[in-house]
Amino acid sequence: MDGQAFADKWRHLAPQMSEQAAAQMHWSDLCSVLRRPAPTQGEYASGEYEFERAVRKVGTGTAGRADVFMRDRFIVEYKRAGLNLGPAMQQAFLYARELGNPPLIMASDLLTFRIATNFTGTPPRNIDLTLDDVAVNRRIDDDLTTHEALHALFDDPDRLHPRHVRERVTRSATAQVGAIAQALRHRGAPPRQAAHFVMRLVFAMFAEDVGMLPRGLMERVFKRVQLAPTLSKATFEELFRAMQHGGPFWDLDLRHFNGGLFDDQLALDLTAEEAARLMEASRLDWSNVDPAIFGTLFENSLATEVRAQLGAHFTDVRDIVRITDPVVMVPLRREWAAVKEQAEALAKTKQGKAAALGALQAFHERLGGVRVLDPACGSGNFLVVALGQLLDLEHEVRELARDLGMGEFSLPPRVHPQQMHGLEVEAFAHELASVSTWISYFQWKAAHGGAWEEPILKKLTNIEHRDALLTPEGSKAPWPEAEFIIGNPPFLGGKLLRSNLGDEYVSRLFQAYGGEVARESDLVCYWFERARQAFGGGLTRRVGLVTTNSIRGGANRQVLQRIQDTGALFNAWSDEPWLQQGAAVRVSLVCFDGGEETDRELNGQPVTRINPDLTASTDVTTARPLPENAGVSFMGTTKGGPFDIPGEVARRWLALPNPDGVSNADVVKPWVNGMDLTRRPRDMWAVDFALMPEAQASQYLAPFEYVRERVLPQRRAGRDEPGKLKWWQHLRPRPELRQAFTGLSRYICTPRVAKHRLFVWLPVETVPDSAVIAIARDDDFTFGVLQSRVHEVWSLRQGTALGVGNDPRYTPSTCFETFPFPVPTPEQRAGVEKWAQYAVQMRDHLLAQDARATLTGLYNSVAELRRAPESTHPAMTLLMAHDRLDAAVAAAYGWAWPLTDDEVLARLLALNQERAAAVLT
């Protein structure tokens with residue numbers, strides 16, 4: 001059946017048939033048009049897709065029936081032709097609460113259709129269709145036709161998600177208004193004033209489109225300003241005065257808005273061109289603006305230098321829900337489930353209805369008392385999502401009261417933006433947070449038929465414009481009391497604190513949080529520690545924060561260890577892609593409490609425990625440094641300037657004499673960074689005066705003059721005082737590394753960050769860069785153990801990850817110093833040495849065969865061959881060498897091979913703890 005035949009048939013039949021007689025035939029015909037099976041066709045498990053799905057009617061204990069149901073997709077309710085679809089939609093939404101809340105709800109009277117979305121934390125989107133729309137496949141908007149909307153019921157409910165429409169509107173709106181904000185800033189308007197003025201205009205356009213202001217008002221205002229820009233300030237002052245108090249404006253009578261947004265008549269001048277642009281913006285449907293992303297998309301008009309310093313970033317609503325759900329909604333919904341069951345049981349008798357209402361009123365009052373805090377709220381997106389979810393839950397409570405016959409006004413609305421608390425240091429973002437929260441609230445009320453109380457706005461003193469970490473005096477900043485703490489604190493690496501925040505601020509930070517947060521930690525760790533301390537007040541129950549995935553290792557991990565010591569991690573996503581200022585980063589989502597939660601999930605899977613490194617298996621974070629590994633592994637030198645030179649220059653200098661008879665070979669040395677190891681050596685050299693005093697270094701004329709000319713100006717301009725005093729030396733010359741190299745002819749090195757954990761031999765004359773970790777050992781046995789799968793497993797768990805590629809990072813203190821080497825017999829040692837030498841030999845051979853080959857490329861091939869072996873592949877022999885090496889290393893430990901990664905970790909951890917304990921005794 002095609003769409004036209006369907007429309008013709010049901011225009012004729014609909015008036016003649018009852019709902020019960022027509023529903024299944026109508027749905028089956030529609031399925032035929034869409035080439036989708038009806039419930040009586042196809043292969044579906046029992047209960048997955050069916051007509052007349054039994055469902056308990058809320059509050060009555062009796063059974064109802066959903067006309068059509070598909071699990072996790074939709075519910076359809078039919079009514080007789082010509083009847084109002086409202087009751088059918090209402091009934092379907094009640095059924096949805098009992099059937100797992102499928103994302104789409106549809107009602108039909110056989111002639112028309114209404115599809116409503118039912119996504120968590122989002123006001124519904126309604127799509128109204130007719131038989132004629134089905135017949136001609138009418139286009140609904142730029143991205144959707146009638147048939148595509150109906151197909152989405154079966155195949156892709158997310159296609160109808162309100163965010164798609166709202167994102168389009170929001171992007172257009174922010175582009176229009178953002179240009180005005182930027183222009184005001186460029187003309188010298190103070191940031192706070194510019195933010196306040198622009199947010200007033202934004203809210204006024206929104207208020208018009210949800211019915212709080214007369215339709216067309218803002219277009220008239222902007223038109224007047226366009227024609228008479230010299231009157232712009234006076235015109236806006238007149239408008240804001242009327243909105244502040246309520247009353248006449250031109251020929252209209254405006255509502256009483258009040259609140260912090262219209263607490264005075266502050267206005268700024270606009271040009272005619274800017275007024276024209278705002279007039280165009282006012283024609284958008286501002287009721288569809290998404291407040292959860294509005295502020296983020298408005299970032300180009302913020303004080304971007306501040307936001308960039310702190311690491312402002314975009315957070316998708318779906319990711320926000322992965323924090324707000326486990327932290328805020330899971331405990332509240334548990335409470336609600338118990339109250340609901342109690343109320344429904346009590347309401348079955350007349351005598352019990354009063355008690356049922358009392359139980360509902362108590363929980364409703366509880367919802368109205370919930371306090372949520374985002375201590376780095378930015379433009380308010382976490383607060384917006386949490387508020388929407390609380391409003392949804394309150395709606396369920398009020399609907400149940402109504403269903404149980406307790407009257408429409410037995411539970412008046414209580415959930416309010418004043419329950420959302422925030423801290424934000426940047427003026428424009430703070431203003432956005434307040435406005436976005438109000439817009440979210442009124443948007444929800446408009447979608448659910450709420451009335452506008454007056455005054456419409458109340459001042460949101462609960463969203464504060466201040467630093468979350470320090471007071472102006474330099475002490476710890478207090479946080480508002482809150483039951484739930486959520487948010488996305490700024491991403492800023494520990495090494496960037498001083499350059500981005502300034503020496504004075506960072507010194508105060510270190511002093512205020514000394515002994516609580518390691519100085520090397522990323523900025524986000526301070527929010528974790530402050531949130532952990534909030535449990536001491538007794539009110540805070542749960543916390544959920546987003547951070548870079550570096551929280552799992554190094555100094556950052558200490559803050560998670562403190563959380564584990566005093567409470568517990570109960571939900572986490574250890575390593576997720578994220579978008580920060582248009583660039584991909586990797587993040588962790590971490591939820592914790594005081595240890596009360598017994599259900600724990602890691603990466604969406606139930607686990608019994610979450611370790612401080614955000615794993616659920618063997619907790620290697622308890623491993624201790626071993627004395628036998630001390631003073632062996634080092635980061636290479638940090639040059640701190642352009643000491644590097646190309647090979648041809650180096651070789652020319654090596655041939656030059658010096659007047660004092662010294663050889664330039666003493667200070668001109670081969671130099672390698674990580675790329676030289678993973679790719680091809682670039683023939684780079686470096687001037688390295690090691691620890692020489694200036695007088696001695698100056699004896700090497702050409703190298704010294706080069707450093708004086710290239711490096712000295714940079715050092716003088718820098719902040720590092722020791723670097724200025726010893727400008728001819730590398731900034732971090734690593735004297736301990738040089739001492740450890742004494743007596744060696746070669747050493748082992750590995751890139752700090754690399755896709756594959758590779759170890760390479762280098763001559764002791766070669767200077768390793770800070771991107772390289774040097775191991776001061778020259779024996780094949782140590783090399784073989786380090787290059788084995790046993791050590792790789794340990795280093796992957798003990799290290800961290802870095803960059804867009806999420807490549808593993810090797811840290812000497814955790815990866816090497818804690819690693820328990822085997823104690824082999826002579827035969828076992830010889831076996832490891834044999835296969836270690838052969839693996840290096842095979843690598844060198846393969847690299848020599850192809851001038852374009854790299855070590856990364858070779859190990860890409862090895863990884864692929866592990867998945868799909870191919871005996872004729874050139875790298876197959878290298879794979880075999882590593883397999884033999886792994887077995888030889890396992891034998892040196894006395895282990896049968898192969899072992900799972902967790903078995904390897906458990907055995908290594910046991911060895912580590914045994915040896916660490918032996919040292920203590």
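**Questions on a predicted protein model**

Reader: Over which residues does pLDDT stay under 50, and how many contacts beyond four places in sequence does the model have for them?
Author: This is a predicted model, so confidence must be considered residue by residue, pLDDT being the predictor's confidence in each residue. The values stay under 50 over residues 300–313, and for this stretch the contacts beyond four places in sequence number 48.

Reader: What is the mean pLDDT of the protein chain?
Author: Of the residues in the chain, 95% reach a pLDDT of 70 or more. The mean pLDDT of the protein chain is 90.

Reader: How many helices and strands does the protein chain have, and what does its C-alpha trace span along its principal axes?
Author: The secondary structure of the protein chain comprises 34 helices and 29 strands. Along the principal axes, the C-alpha trace spans about 105 × 70 × 60 Å.

Reader: Among contacts between residues at least 6 apart in sequence, what percentage join residues at least 24 apart?
Author: The protein chain has 921 residues, and buried residues make up 55% of them. Among its contacts between residues at least 6 apart in sequence, the share that joins residues at least 24 apart is 70%.

Reader: How many Å apart are the mean positions of the positive and negative charges?
Author: The protein chain exposes about 38000 Å², of which carbon and sulfur atoms supply 51%. Its charges comprise 103 positive and 115 negative ones.

Reader: Is Gly494 buried or exposed, and which residues is it in contact with beyond four places in sequence?
Author: Gly494 is found in the loop between β14 (484–487) and α17 (497–501). Because its relative accessibility is 18%, and buried means under 20%, Gly494 counts as buried. Leaving aside neighbours within four places in sequence, Gly494 is in contact with Glu520, Ser521 and Asp522.

Reader: How many disulfides does a search of the whole structure find, and which cysteine sulfur is nearest to Cys815?
Author: A disulfide here requires a pair of cysteine sulfur atoms within 2.5 Å, and the search of the whole structure finds zero disulfides. Cys815 is accordingly in no disulfide, and 15 Å away is the nearest cysteine sulfur, that of Cys749.

Reader: Is Cys815 buried or exposed?
Author: Buried means a relative accessible area under 20%. The relative accessible area of Cys815 is 0%, so this cysteine is buried.

Reader: Where is Arg53 found, and is it buried or exposed?
Author: Arg53 is found in strand β1 (residues 49–56). Beyond four places in sequence, Arg53 touches several residues, among them Gly47, Phe69 and Leu99. With a relative accessible area of 18%, Arg53 is buried.

Reader: Which residues does a cis peptide bond join, with omega about 0° in one case and near 10° in the other?
Author: Pro455 lies in the loop between α16 (427–447) and β13 (463–465), while Pro898 is placed in the loop between α33 (876–893) and α34 (901–920). With omega about 0°, a cis peptide bond joins Glu454 and Pro455. With omega near 10°, the cis bond runs from Trp897 to Pro898.

Reader: What is the phi of Asn101, and what is that of Asn603?
Author: Asn101 lies in the loop between α3 (86–98) and β4 (104–108), and Asn603 is in the loop between β18 (600–602) and β19 (605–607). Asn101 counts as partly exposed because its relative accessibility is 36%, and Asn603 counts as partly exposed at 31%. Neither is a glycine, yet phi is positive: near 50° for Asn101 and about 55° for Asn603.

Definitions and conventions:
Residues are numbered from 1 along each chain as its sequence is written. This is a predicted model: local features need pLDDT of at least 70, side-chain atom pairs count only at pLDDT 80 or more; totals for chains, interfaces and linings use all residues. Side-chain values use heavy atoms; hydrogens and water are left out. pLDDT is the predictor's confidence in each residue, from 0 to 100. Contact means heavy atoms within 4.5 Å. Helices (H or I, at least four residues) and strands (E, at least two) are DSSP runs, numbered from the N terminus. Buried means under 20% relative accessible area, exposed over 50%, partly exposed in between (1.4 Å probe, protein chains only). Accessible areas come from the Shrake-Rupley method with a 1.4 Å probe; for residues, only the protein chains shown count as cover. Lys and Arg count as positive and Asp and Glu as negative; His and the chain ends are not counted. The place of a charge is taken as NZ of Lys, CZ of Arg, CG of Asp or CD of Glu.
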